[in-house]
Each structure stands twice: as C-alpha cells, then as structure tokens.
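I opened the notebook today to go through how the chains sit together. Here is what I looked up, in the order I did it.

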Protein chains: 2
Amino acid sequence: MSKLRFQISVSLDGFVAGPNPSEEEPLGERGEDLHEWVLKLEAWRKPHGREGGEVNASTPVVERLNDGIGAVLMGRGMFGGGPGPWGEDPWQGWWGDEPPFHAPVFVLTHHEREPLEKQGGTTFHFVTDGIESALEQAKEAAGGKDVSLGGGADVAQQYLGAGLIDEVWLNVAPVVLGAGTRLFDNLAGSEVALRGGEVIAGAGVTHLQYLAG
Amino acid sequence: MSKLRFQISVSLDGFVAGPNPSEEEPLGERGEDLHEWVLKLEAWRKPHGREGGEVNASTPVVERLNDGIGAVLMGRGMFGGGPGPWGEDPWQGWWGDEPPFHAPVFVLTHHEREPLEKQGGTTFHFVTDGIESALEQAKEAAGGKDVSLGGGADVAQQYLGAGLIDEVWLNVAPVVLGAGTRLFDNLAGSEVALRGGEVIAGAGVTHLQYLAG
C-alpha cells in the first residue's frame with residue numbers, strides 16, 4: 001500500500017527555518033546551516049544537475065529517502081510566489097524548466113489554478129479542497145509507489161496532527177538556531193502516535209526514523 | 001579536567017515536561033512518559049533502592065552517564081518545595097533520608113540557606129551568587145571527577161546559553177507531547193556551539209550525544 005513519507009532537516013533545537021526569512025535568506029538566518037550536510041552530497045547534487053559531491057555515511061540514507069517515490073505533496077509556501085491569488089503571470093516554481101521531482105506534485109493552496117507541466121515528468125497540480133483530498137490524489141497518481149511530503153512546517157503539522165504520515169525521517173543537524181519556525185508546533189490537542197525506528201549516524205547529521213503507530 | 005555533563009529525557013517534539021504540572025503530575029500531563037525507558041531499567045532502579053528491572057540496550061548508556069560524577073548541580077525547582085524564602089520548616093528534598101546522588105549537590109536559589117546533610121554522602125549546598133559560581137564550587141567539590149547538571153529546563157537553558165556545558169546527552173523518547181516545557185527555549189541571541197557525537201539506539205529511546213565546540 002502506498003505510504004506517506006516525510007523527511008526534513010531540523011536543528012537540534014527543533015527548528016526547520018531560522019528567524020527573519022527574507023528574499024536573500026528564504027530559510028531565515030542560519031537556516032541554510034540545516035542543509036549543509038545534504039548540499040555537499042553527490043546523491044543530492046546529481047539529481048539537481050550539479051557536478052561533484054561527496055559520498056559518505058549519509059549517502060545511503062538520501063538514496064533511500066528518494067527511492068520509490070511516485071508523487072510529491074507540498075504547501076503553497078514551498079512552491080513559492082507569495083500568498084494570495086496567482087495573478088496573470090503566475091509563479092512557475094523555484095526549480096526552472098526541469099524540476100528535480102520527476103513525478104506529479106500536488107500543491108496545497110486556497111487558490112485554483114490549472115496544472116503546470118514541466119519537463120522531465122514533473123507536473124504541478126493545485127489542490128484547493130484540503131489535505132486529505134490532496135493525499136488521495138497523490139496516492140492515486142503515485143501508482144503504487146509512495147508519496148513524499150515536502151514542506152513547509154505548517155503543512156507538515158497538519159498532516160502530523162491528522163495522523164496521516166506513515167514514516168518520518170528527521171535529519172538532525174548539530175545546530176542550535178535559538179529561534180525560527182519549529183517543526184513540532186501547533187500540535188497541542190493532537191494525538192500524534194509515532195514509534196522509534198532506525199537511528200543512523202550520518203556525516204554531520206543524525207538520521208532518526210519514526211513510524212506511525 | 002572536570003567537565004560539566006548534562007543529560008535529559010526529551011520528547012520527540014522537544015519537551016522535557018508536559019503541560020499543566022500539578023502536585024499529582026509534577027512533570028505535567030504525560031510527562032512521565034518521557035522517563036518510561038529509564039524507570040524500568042535495573043541500572044536506574046538499583047541506585048534508587050528498588051528491586052528488579054531490565055537490562056537492555058540502554059543499560060550501558062545509563063551506567064556511563066552516572067559514572068565518574070563527583071558533584072551535581074540543580075535548580076531550585078528540581079530540589080522542590082516551591083519558590084520563595086525557605087521558611088521555618090524548610091523543604092528537605094524529594095529523595096528521603098538517603099538521596100541517590102551520593103555526592104555534594106549544589107542548588108541554585110535566590111534564598112540563602114545552610115547546607116543540608118543527608119545520609120550516603122549527599123549534602124545539599126545552596127548557592128545564591130549565580131550559575132558560574134555554582135559551577136566553580138561544584139567542580140572544586142567534584143575532586144577531579146565531572147559535574148552532572150540536573151534540571152530544570154530553565155537552569156539548563158542558562159548553562160547552555162552561557163556555553164558552559166561540555167557534554168549533552170539527549171534521551172529522545174518517541175512521544176509527541178504537543179505542549180509543555182521545552183528544553184531548547186529562551187536561547188535566541190545565544191551562540192550555542194555543539195557538535196554531534198555518538199548516536200545510540202536504546203530500548204524505547206534514542207540517545208544522542210553532543211559535545212561543546
């Protein structure tokens with residue numbers, strides 16, 4: 001059965017972005033530090049069209065996280081272009097002509113929009129009728145493979161709080177941001193049931209797997 | 001050189017206590033769940049004068065955390081008895097006649113008090129001139145061994161924020177509390193420099209070591 005999988009890089013103090021995000025620093029102050037471990041990996045660079053990169057203890061984790069994904073879910077914030085109606089010359093996403101997803105991507109938004117087809121198998125579908133509908137559509141589109149949940153934190157919190165995530169991987173960077181956007185927030189009153197799975201010491205990061213139930 | 005070591009059980013979402021602490025639930029709602037992994041261990045039960053208990057993958061971690069400790073530091077809240085002046089019949093601590101520390105304990109407080117000697121080598125010293133003085137006194141009393149920092153969260157935050165902790169062990173329980181007291185809070189503006197150390201999959205808990213610098 002198709003699973004909903006979620007992986008995210010998080011600081012030691014639980015932030016997925018630093019304070020004061022801006023155009024220059026969309027992940028907030030020092031938010032980039034959370035992703036240092038992955039940006040230097042060949043396993044990340046190659047699918048993003050970049051040369052070089054390391055092979056290290058985190059490589060098999062990244063390969064595994066990207067394996068078997070048939071569709072992607074994300075929030076409007078991660079797709080980008082700011083809030084509100086799409087306008088006449090709508091935002092095309094951060095990723096250029098050939099996004100690295102190579103799969104249908106379902107974007108949660110309050111504003112309707114026609115699907116946006118890109119090269120390499122990525123088509124963005126805009127879903128306006130809620131997280132459960134988006135998940136259903138993504139699972140159907142995944143054709144038996146799994147669905148990967150991207151960010152941002154608010155979308156992740158909604159899926160976590162609704163108990164819809166089957167597998168969570170936290171990539172814990174040894175960084176204390178002190179402020180910013182927390183992954184685990186706005187969950188008071190939700191019954192989030194996760195049990196510990198694998199624990200892998202990566203290179204400059206710790207990979208913690210949690211499973212539903 | 002004597003090190004300041006800190007270990008604490010924390011929920012997956014970063015809380016060290018649940019919401020709404022009360023006399024019946026001093027650790028807040030579901031706060032006890034954070035400590036389930038340790039309360040069942042023989043390595044915890046024996047020094048606390050209790051029979052039985054398990055030996056499992058977390059046993060060597062607990063033995064190691066308790067080894068080589070020559071003095072303990074804690075906040076007034078962990079020592080207990082409520083805030084304010086000590087009064088005429090002052091609180092004697094939670095731990096009965098023979099506390100499990102077997103070492104000098106330095107309690108941070110705003111209210112002066114004579115040392116309180118208990119059986120088995122535990123004497124509580126009350127320190128009113130700040131965290132750095134308390135650490136100095138504890139290191140001197142430790143006689144070459146290390147100092148263990150207990151709770152609560154506010155004291156831990158002060159030592160973390162001041163960069164005085166040499167070694168942190170987070171015992172991450174697979175529990176999402178949703179609300180309560182966060183370990184990593186009130187640290188905005190502090191430069192907390194930690195690097196990842198060992199990662200150990202325990203029994204119902206994940207042990208993450210972080211080292212200063």
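I laid chain B on chain A and got an RMSD of 0.0 Å, with a turn of 180° and a shift of 0.0 Å along the axis. The two copies are thus related as by a two-fold rotation axis. The superposition was by least squares on the C-alpha atoms of residues with pLDDT of at least 70 in both copies.

I noted that this is a predicted model, where local features need pLDDT of at least 70 and side-chain atom pairs count only at pLDDT 80 or more, while totals for chains, interfaces and linings use all residues. Residues are numbered from 1 along each chain as its sequence is written, chains are lettered from A in the order in which they are written, and side-chain values use heavy atoms, with hydrogens and water left out.

**The interface**

How many residues does each chain bring to the contact? I found 22 residues from chain B and 22 residues from chain A, taking contact as heavy atoms within 4.5 Å. Of the interface residues of chain B, 100% are also interface residues in chain A, so the copies meet through the same surface.

I then looked up the buried area (the accessible area, 1.4 Å probe, that two parts lose on being put together, summed over both). Chains B and A bury about 2000 Å² between them, with 66% of it on carbon and sulfur atoms. In chain B, the residues that lose the most area to chain A are B:Leu12, B:Val176 and B:Phe184, together 26% of what that side buries.

Next came salt bridges (a side-chain nitrogen of Lys or Arg within 4 Å of a carboxyl oxygen of Asp or Glu). The rule finds two across the interface. A:Asp185 forms a salt bridge with B:Arg182, and their closest N and O atoms are 3.9 Å apart.

On the side of chain B that touches chain A, strands E8 (167-173), E10 (194-201) and E11 (206-212) of chain B each supply at least two residues; strands here are DSSP runs (E, at least two residues), numbered from the N terminus. E10(B) gives the most, with five residues.

**One residue up close**

I picked A:Thr206, which is found in strand E11 (residues 206-212) of chain A. Is A:Thr206 buried or exposed? A:Thr206 is buried, with a relative accessible area of 7%; buried means under 20% (1.4 Å probe, protein chains only). Leaving out residues up to four places away in sequence, A:Thr206 touches A:Leu170, A:Asn171, A:Val172 and A:Ile200, and from the other chain B:Val199, B:Leu208 and B:Tyr210.

Technical notes. Helix = DSSP H or I, 4+ residues; strand = E, 2+ residues; numbered from the N terminus. Buried < 20%, exposed > 50% of the residue type's maximum accessible area, 1.4 Å probe, protein only.
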